[in-house]
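Please have the sequence and the structure at hand while reading.

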Amino acid sequence: MTKKVLVLGEAREGSLRNVSFEAIAAAKTVANGGEVVAVLVGDAVADLAKDMVAYGADRVITIEHPHLKQYTSDGYSQALMAVIEQEKPEGIVFGHTALGKDLSPKIASKLQAGLVSDVTSIESDGDEHTFIRPIYSGKAFEKIKIKDGVTFFTVRPNNIAPLEQDTSRAGDISSLAVDITNLRTIIKEVVRKSTDGVDLSEAKVVVAGGRGVKSSEGFEPLQQLADLLGGAIGASRGACDADYCDYSLQIGQTGKVVTPDLYIAAGISGAIQHLAGMSNSKVIVAINKDPEANIFNVADYGIVGDLFEVMPLLIEEFKKIKQS
């Protein structure tokens, strides 16, 4: 049975996050040839609609309002519910981001629908779809089938490949006027503590440091390597607790969950809380002086040595490769 599936596109600082395109690909899978309708919410998002079409959306609905400039669950839920009431979709897909994790339960509650969160893959058998998500800090995987009601799920960034961009695709783009009222929360100012650069949760390459970096200055070679590889810098909770870096870089059970193509762990012992945030990375490289460090149990490649000796060598080798 074909379905109409709604996808929430997530914009940040004038551009769409990659997970928006990954969500479209997931929606295409469960739509069974049906219609994928993208929704963009904000105060100036109409110009981004063509990108959603290029990545596979059949239609795009934009909702613009001054009260939607910054995310609030009240404002966004009002906007989304207006679209849902108009479109009556059989499926809804969000990215499993900070926004998606906050908004999806609120929408599910309003719809009295079930919600499958943090989906990393989808298995299809005709009209039946099985959603796979990690549980127990990534030590096991749960398979879920939705038998009745709206198929509502969130997808973890960097796990479901987006469709190839096709700028020649045509799709209807329309706007919907929604009066956003009775907001209980007003965002007056946003102060960003994270550094500019690649979004950590969507980075294809992550270079992370632990207590072994010894100081904030110890992160400098890691940053050099991350910049060289076009990646993002991350950290263990131990490094954050030691005030070597900001908590916005924390990866783990109480931080961000990342699934890059390449994860380089420097001076990280491999506590289970940290592994919960990165163990599903495609390739893991560990650098540690302790040959018995737990991080080597999940690493694809291990380097036993002082990171301050190893990192400069890696940087030089990668520079040679890029120059050749």
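## Helices α5 and α8

A crossing is called left-handed if the near helix is turned anticlockwise from the far one by less than a right angle, and right-handed if it is turned clockwise. In this predicted model, the crossing of α5 and α8 is left-handed. The contact is formed by P221, L222, Q224, L225 and L228 on the α5 side, and by L307, M311, L314, I315, F318, K319 and K322 on the α8 side. Sorted by class, the residues of this contact are 9 nonpolar, 1 polar and 2 charged.

Two packed helices are described by the angle between their axes together with the distance between those axes. For α5 (residues 220-228) and α8 (residues 307-323), the angle is about 20 degrees and the axes are 10 Å apart. Because angles under 35 degrees count as roughly parallel, α5 is roughly parallel to α8.

## Helices α3 and α4

The axes of α3 (residues 73-87) and α4 (residues 98-111) come within 10 Å of each other and cross at roughly 50 degrees, which makes α3 oblique to α4. The crossing in which α3 passes α4 is right-handed. From α3, the residues that make the contact are S73, D74, Y76, S77, L80, M81 and I84, while α4 contributes L99, D102, L103, K106, I107, K110 and L111. The contact of α3 with α4 comprises 8 nonpolar, 2 polar and 4 charged residues.

## Helix α3 in its surroundings

With 15 residues, α3 reaches 20 Å from its first C-alpha to its last, close to the 21 Å expected at 1.5 Å a residue. The buried residues of α3 are D74, G75, Y76, S77, A79, L80, M81, V83, I84 and E87, and the elements against which they pack are the strands β1 (5-9), β4 (36-42), β5 (59-64) and β6 (91-95), as well as helix α4. After α3 comes K88, whose phi is positive, near 50 degrees.

## The loop residue I295

Between β16 (283-288) and β17 (301-304) runs a loop that contains I295. Is I295 buried or exposed? Its relative accessibility is 0%, so I295 counts as buried.

When neighbours within four places in sequence are left aside, I295 is in contact with A265, I268, S269, G270, L275, M278 and A286. I295 and D261 are 34 residues apart in sequence, and their C-alpha atoms are 17 Å apart in space.

Technical notes:
Residues are numbered from 1 along each chain as its sequence is written. This is a predicted model: local features need pLDDT of at least 70, side-chain atom pairs count only at pLDDT 80 or more; totals for chains, interfaces and linings use all residues. Side-chain values use heavy atoms; hydrogens and water are left out. Axes are lines fitted to C-alpha atoms, for helices over the stretch in contact, and angles run from 0 to 180 degrees between N-to-C directions. Helices (H or I, at least four residues) and strands (E, at least two) are DSSP runs, numbered from the N terminus. Angles under 35 degrees count as roughly parallel, over 145 as roughly antiparallel, 65 to 115 as roughly perpendicular and the rest as oblique. Contact means heavy atoms within 4.5 Å. Ala, Val, Leu, Ile, Met, Phe, Trp, Tyr, Cys and Pro count as nonpolar, Asp, Glu, Lys and Arg as charged, and the others, Gly among them, as polar. The expected span of a helix is 1.5 Å times one less than its number of residues. Buried means under 20% relative accessible area, exposed over 50%, partly exposed in between (1.4 Å probe, protein chains only).
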